[in-house]
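Hi,

Here is the structure I promised to pass on. Have a look at it first, and my notes follow below.

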Amino acid sequence: MEEKSVVIIGATGSIGTQTIEVLRKIKGFKLLGFTYHSNEVKAREILKLFPEAKVFSTKKEIESFYDFMESTKPDITVLAIPGFEGFKVALKTIPFTKRLALANKESLVCGGKFIKEEIKRHGVELIPIDSEHSAIFQLMEDNVEKIAITASGGALRDIPLNELWEAKPEDVLKHPVWNMGARITVDSATMVNKAFEVLEAMELFSLRREQIEVYIHKSSIVHGMVFLKDGTVKIHAAIPDMRVPIAYSLTYPERLYEYEEYPEFSTLKFEEVEKERYPLFFLVDEIYDSYTLRTVFNAADEVAVDSFLKGKMSYKDLVETVEKAVEKMEKIEVTSPEELVEIDKKARILTEEVIKNAGKN
Ligand code: NDP
Ligand code: MG
């Protein structure tokens, strides 16, 4: 069998480095190239492991990277960069790959319809990496009534509510289960991440908002459930380790990855999401039917999380900033990716204004 060629966009990050680990363990895949943004040291380490791979900095040589994609047309492209930038990069790379293994959330959260149009136009396979969506992808069939995805509840899940709003970046970055990039770790504490995942699930599986339930499941063993019309519930479980869904996104429809452990089932517990603890999660019900509001939700969160991590705003301000920015933006129809890029820019300016005016009235 011929080797499958793989390109990783964002190889130096959490998903990127775990993809590298998977590639070192499975046979039949060849790392053709990868990108990093600023971590040159890590990029060099990866190059030592895969000396034949071509490396590009997205900060300095993004156009050469797209030329490389066009000339090599890899079998699989792993998109593992965070933020709205991921949407722009996805649109540029879809025409040149056969399979998009998608970790970046914003592509579908902000611009799902444009990504899906491009995927269809170019006959590309879209395989999710996110553990909950990988679970649903593996369970999905025709006669589905609804699905459920789980949430760990993030780093602040057990903190008393009266101390929640004073949480510091170091508290928020201590995730109880997963080891991930900074933004998604903060988004797990606020559960913005789970709001994103509801939107991703709507896009990936053509579901309505009311067909998607979310449970807090602290041990993160069950990742997704599919409720069939005949009363059957199919449940996907695995040790919480991103290398498992990453491997599946590469080897699908085969399973070539070997994992030596299984989860412990003695304490399975599912709880409702608390409104007072996770107000930003519940914003999903106000924004899900508008790509504009979804883009504002993301942009405001990107700006506010960055500011929170730099110690410039409190946890309470982070939550309020996102709420206010979404409230201030009107719902307008988006008809092109270019318009969406403009909305993203506008939303960032709007968020900066919200931050500047905070406390003035
Ligand atoms: P990290 O912050 O760990 O890594 C980000 C990667 O993207 C790095 O390689 C970084 O390069 C690169 N990068 C950063 N900014 C840019 C930019 N502006 N343009 C191009 N590349 C950039 O993130 P994660 O790996 O945690 O997450 C990546 C994506 O996957 C996110 O969208 C996240 O929501 C999603 N995801 C992550 C999961 C996880 O377990 N980590 C689970 C499910 C989804 P460098 O470091 O060289 O600067
Ligand atoms: Mg997830």
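Let me begin with a pair of helices: helix 4 and helix 5 count as roughly parallel, because their angle of about 15 degrees is under 35 degrees. Please keep in mind that this is a predicted model. The axes of these two helices are 9 Å apart, and their crossing is right-handed. On the helix 4 side (residues 85-93), the contact uses G86, F87, A90 and L91. Helix 5 answers with E106, S107, G111, F114, I115 and E118. Sorted by class, that contact holds 5 nonpolar, 3 polar and 2 charged residues.

Helix 5 (residues 106-121) also packs against helix 10. Here the axes come within 8 Å and cross at roughly 15 degrees, so these two helices are roughly parallel as well. This crossing is left-handed. E106, L108, V109, G112, K113 and K116 of helix 5 meet F196, L199, E200, E203 and L204 of helix 10. The residues of this contact divide into 5 nonpolar, 1 polar and 5 charged.

Best wishes

Note on methods
Residues numbered from 1 in each chain as written. Chains lettered and ligands numbered in written order. Predicted model: local features only at pLDDT ≥ 70, side-chain atom pairs only at ≥ 80, totals over all residues. Heavy atoms only, no water. Axes fitted to C-alpha atoms, helices over the stretch in contact; angles between N-to-C directions. Helix = DSSP H or I, 4+ residues; strand = E, 2+ residues; numbered from the N terminus. Parallel < 35°, antiparallel > 145°, perpendicular 65-115°, else oblique. Left-handed = near helix turned anticlockwise from the far one by under 90°. Contact = heavy atoms within 4.5 Å. Nonpolar A, V, L, I, M, F, W, Y, C, P; charged D, E, K, R; others polar.
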